[in-house]
Amino acid sequence: MWRMLQHDQPDDYVIATGETRPLSDLVAAVFAQLDLDWRDHVDTDETLFRPTEMQRVELNPSRARERLGWVARSRMEDVVAHLVACAQEETLGPVPWAPGNCRITARRTWRTLSETMLRRASLRAVV
């Protein structure tokens, strides 16, 4: 964000890894962090799929790389591990495996990644 604000002209930047992954990879990664198989906890109802739903979304961070010198340092699995650990800390109190900066990142980022699913999964894993 700081690098974006240093430019004289405002512009739009995509902040992403540039990797294309299906949603099921994200769901599987979240449940794997909790030592659970997502297929045992998630029901898929294909009648709820929208025919106009985009089947593939690709984000291109090349403008951020070229103009800002920004390159993703974390991959999806790293972000998921961080968010799950922070969610567990927020739900259960301090946990030894949570990174030290949970309070800074979790509150804003957490809600963008299926808050209800992660919280329920983390509580089930503990019970």
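**View 1. Leu-59 lies in the loop between H2 and H3.** Helices here are DSSP runs (H or I) of at least four residues, numbered from the N terminus. This is a predicted model, in which local features need pLDDT of at least 70 and side-chain atom pairs count only at pLDDT 80 or more, while totals for chains, interfaces and linings use all residues. Residues are numbered from 1 along each chain as its sequence is written, and side-chain values use heavy atoms, with hydrogens and water left out. Leu-59 is partly exposed, with a relative accessible area of 48% (buried means under 20%, exposed over 50%, partly exposed in between; 1.4 Å probe, protein chains only).

**View 2. Asp-35 occupies the loop between helix H2 (23–33) and helix H3 (62–68).** Its phi is near 55°, a positive value in a residue other than glycine. Most residues other than glycine have a negative phi. Asp-35 counts as exposed, at 73% relative accessibility.

**View 3. A salt bridge joins the side chains of Arg-63 and Asp-11 (2.9 Å, N to O).** Such a bridge is a side-chain nitrogen of Lys or Arg within 4 Å of a carboxyl oxygen of Asp or Glu. Arg-63 lies in helix H3 and Asp-11 in the loop between helix H1 (2–5) and H2, so the pair ties together parts that are 52 residues apart in sequence.

**View 4. Glu-77 and Arg-21 meet through their side chains in a salt bridge (2.5 Å, N to O).** Salt bridges with shared partners join Glu-19, Arg-21, Asp-25, Arg-75 and Glu-77 into one network.

Definitions and conventions: Helix = DSSP H or I, 4+ residues; strand = E, 2+ residues; numbered from the N terminus.
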